[in-house]
Amino acid sequence: MSTRAALRGFRRLLPALRPEWRGMLASYLVATASALALAGLTVLTAWAVGHAIVERTPPGALWWAAAIGLVLLRTLFTWQEMDVSHALAYRVLARLRMALFDAYARSVPARRREHSGRAAAVAMGDIEKLEFFYAHTVAQLGASLTVFLASFAAALFLLPEAALVVFVGSALVAGTALCWAGAARRIGEREQQDREALSARTVDALGGLRE
């Protein structure tokens, strides 16, 4: 699959999120707050290590209060983000399942030679694959972009050399993801094939008596 085809598929999945724009906004805000809390904790930890090496003194009580507070916030925001994003994703999947099986019931005749277990497993599996996209992709991409831009702007203001490092490092990470996208896609396809085969056997075992 080319990058252009992947982008087309990405755009086709977005309309299902229109009724959930409030949930998407909440998921984006919570994910951004969680990522900012992690970034702040990383900065505090780096400062404490540098201070201990240069000044040879441990951080003070204010540092500990800030670090503990950020850890608690990070924990709370992580849990909240998972709750909001998965609730949103499963509402979308429920609507997609209903639409799929309504169409499936109209188009598939009652008597057919098709492998019933495999047909049902494929129908369920195709919908289930979208859970990760709706729960972990759109809002998280927006949050990651926001945090990157905020970090880059802060580094550029405080130390332009650090901003250059941030930019180069981000470009390398993005380039690595693009280079390994094909291998990751092939591994994912093999995993999905194995999952579909297992689901087909499970459906056959549960529905064998009726058939």
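Predicted model: local features only at pLDDT ≥ 70, side-chain atom pairs only at ≥ 80, totals over all residues.
Reader: How many salt bridges does a search of the whole structure find?

Author: A salt bridge is counted when a side-chain nitrogen of Lys or Arg lies within 4 Å of a carboxyl oxygen of Asp or Glu. The search of this structure finds two. In one, the closest N and O atoms of Glu20 and Arg91 are 2.8 Å apart. That pair links distant parts of the chain: Glu20 sits in the loop between helix H1 (3-13) and helix H2 (21-55), while Arg91 is in helix H3, 71 residues apart. In the other, Glu20 pairs with Arg95, with 3.0 Å between the closest N and O atoms. Here too distant parts of the chain are linked, since Arg95 is in helix H3 and the two residues are 75 residues apart.

Reader: Which residues are linked in a network of salt bridges?

Author: Glu20, Arg91 and Arg95.

Reader: Is Glu20 buried or exposed?

Author: Buried means under 20% relative accessible area, and exposed means over 50%. Glu20 has a relative accessible area of 9%, so it is buried. Arg91, at 40%, counts as partly exposed. Arg95 is also partly exposed, at 36% relative accessibility.

Reader: What does Ala31 touch, leaving out residues up to four places away in sequence?

Author: Contact means heavy atoms within 4.5 Å. On that basis Ala31, which is found in helix H2, touches Glu81 and Ala143. Ala31 has 9% relative accessibility and therefore counts as buried. A C-alpha distance can also be read here: Ala31 and Val84 are 53 residues apart along the chain, and their C-alpha atoms are separated by 9.8 Å.

Reader: How far apart should the ends of helix H6 be?

Author: The expected span is 1.5 Å times one less than the number of residues. Helix H6 covers residues 138-158, which is 21 residues, so it should span 30 Å; the end C-alpha atoms are 31 Å apart, in agreement.

Reader: Which residues of H6 are buried?

Author: They are Ala139, Gln140, Ala143, Val147 and Ala155. These residues cover an arc of only 125° around the axis, so they lie on the same side of H6. Leu141, Leu145 and Phe157 are exposed on the other side of H6.

Reader: Where is His86, and what does His86 touch?

Author: His86 is placed in helix H3 (residues 61-107). Leaving out residues up to four places away in sequence, His86 touches Glu131, Ala135 and His136. For a polar contact, N or O atoms must be within 3.5 Å of each other. In this case a polar atom of the His86 side chain lies 2.8 Å from the backbone oxygen of Met82.

Reader: Which residues does UniProt list for "transmembrane region"?

Author: Such a record can be set beside the model span by span. The unreviewed UniProt entry lists residues 21-49, 61-79, 133-158 and 164-183. In the model, residues 21-49 are 100% helix and 0% strand, and the end C-alpha atoms of this span lie 42 Å apart. Residues 164-183 are 95% helix and 0% strand, with 30 Å between the end C-alpha atoms.

How values were computed. Residues numbered from 1 in each chain as written. Heavy atoms only, no water. Helix = DSSP H or I, 4+ residues; strand = E, 2+ residues; numbered from the N terminus. Polar contact = N/O pair within 3.5 Å; in protein donor to acceptor, adjacent residues only side chain to side chain. UniProt positions renumbered as here; feature names shortened; annotations may be inferred. Buried < 20%, exposed > 50% of the residue type's maximum accessible area, 1.4 Å probe, protein only. Arc of directions from axis to C-beta.
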